[in-house]
Amino acid sequence: MKKMFLILFMASFLGLVNKILFNPGMTFFRYEIDKYNPEVNDGADDECPIPLDLASPQEINLDVAKCFYDKGVSFLDARDEEIFLNGTIKGSINIPFNDFDPGYVEDYYIDQDVLYVIFCDGGECTLGADLAEVLFELGYTNLLLYEGGYPEWERNQYPINVVEL
């Protein structure tokens with residue numbers, strides 16, 4: 001029992017040291033992502049008005065994601081590159097969260113003033129929410145999270161890219 005306690009203590013300690021030294025901008029707990037309910041400033045409903053400023057990443061559904069896609073908003077795919085190459089929303093930029101280093105965010109050529117829709121595999125996949133959280137902490141304030149992800153998008157026969165190797 002003492003050995004197990006010692007192992008748990010050491011693992012927790014090393015994890016904390018790793019977080020402090022190598023990932024100081026990452027939080028231990030994910031904040032709640034709000035649902036995005038589109039409304040124009042005058043209160044009239046619109047299918048997808050572009051928000052002027054978001055206080056936190058907002059979760060959107062398929063219809064709103066498709067509307068933003070049709071308006072030319074950039075999509076960010078948080079899945080691993082191999083999965084991305086097997087199929088993604090057409091025109092999306094791959095920022096694999098599992099390999100993402102916040103210190104090198106400029107390598108992805110994304111602008112803090114641009115609206116982005118982030119997605120992954122939907123359902124239990126948290127990569128999109130994780131990426132949204134980190135980007136928001138880095139100053140990217142115009143972020144929407146499409147929870148249905150690539151599988152829902154593909155099921156609805158919306159535009160996709162598949163790289164044939």
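**Figure 1. W153 and its ring partners in the predicted model.** At 0% relative accessibility, W153 counts as buried in this predicted model. W153 forms an edge-to-face aromatic pair with Y158, with 5.0 Å from centre to centre and 65° between the planes. Y158 itself is partly exposed, because its relative accessible area is 23%, and buried means under 20%. The charged end of K66 sits over the ring of Y158, at 5.0 Å from the ring centre.

**Figure 2. The aromatic pair of F75 and W153.** By the rule used for ring pairs, the count comes to 7 aromatic pairs. In one of them, the ring centres of F75 and W153 are 5.7 Å apart and the planes meet at 55°, so this pair is tilted. F75 belongs to strand 3 and W153 to helix 5, so the pair ties together parts that lie 78 residues apart in sequence. F75 has a relative accessible area of 2% and is therefore buried. Ring pairs also link residues into a cluster, made up of Y69, F75, F119, Y146, W153 and Y158.

**Figure 3. Helix 2 and what covers it.** Helix 2 spans residues 62-70 and is mostly covered, with 7 of its 9 residues buried. The buried residues are L62, V64, A65, K66, C67, F68 and Y69. Which elements cover them? The cover includes strand 2 (58-60), strand 3 (74-77), strand 4 (88-89), strand 6 (116-119), strand 7 (143-146) and helix 5 (149-155).

Figure 4. At the start of the helix, a side-chain oxygen of N61 reaches to within 3.1 Å of the backbone nitrogen of D63. After the helix comes G72, which has a positive phi, near 90°.

**Figure 5. L144 in strand 7, with F68 of helix 2.** L144 is found in strand 7, one of the elements that cover the buried residues of helix 2. How far apart are L144 and F68 in sequence and in space? They are separated by 76 residues in sequence, and their C-alpha atoms are 9.9 Å apart. L144 has 0% relative accessibility and so counts as buried. F68 is among the buried residues of helix 2.

Figure 6. D77 is found in strand 3. Is D77 buried or exposed? Its relative accessible area is 0%, so D77 is buried. The side chain of D77 makes a polar contact of 2.7 Å with the side chain of R79. Leaving aside neighbours within four places in sequence, D77 is in contact with F84, T88, S92, I93, N94, I95, P96 and F119.

**Figure 7. The disulfide of C120 and C125.** The structure holds 1 disulfide. C120 and C125 form it, with their sulfur atoms 2.4 Å apart. C120 has 4% relative accessibility and so counts as buried.

How values were computed:
Residues are numbered from 1 along each chain as its sequence is written. This is a predicted model: local features need pLDDT of at least 70, side-chain atom pairs count only at pLDDT 80 or more; totals for chains, interfaces and linings use all residues. Side-chain values use heavy atoms; hydrogens and water are left out. Buried means under 20% relative accessible area, exposed over 50%, partly exposed in between (1.4 Å probe, protein chains only). Helices (H or I, at least four residues) and strands (E, at least two) are DSSP runs, numbered from the N terminus. Contact means heavy atoms within 4.5 Å. A polar contact is a pair of N or O atoms within 3.5 Å; within protein, one must be able to donate a hydrogen and the other to accept it, and residues adjacent in sequence count only if both atoms are side-chain atoms. Rings of Phe, Tyr and Trp (its six-membered ring) pair if their centres lie within 6.5 Å; planes under 30 degrees apart count as stacked, over 60 as edge-to-face and the rest as tilted. A charge sits over a ring if NZ of Lys or CZ of Arg is within 6 Å of the ring centre and within 35 degrees of the ring normal. A disulfide is a pair of cysteine sulfur atoms within 2.5 Å.
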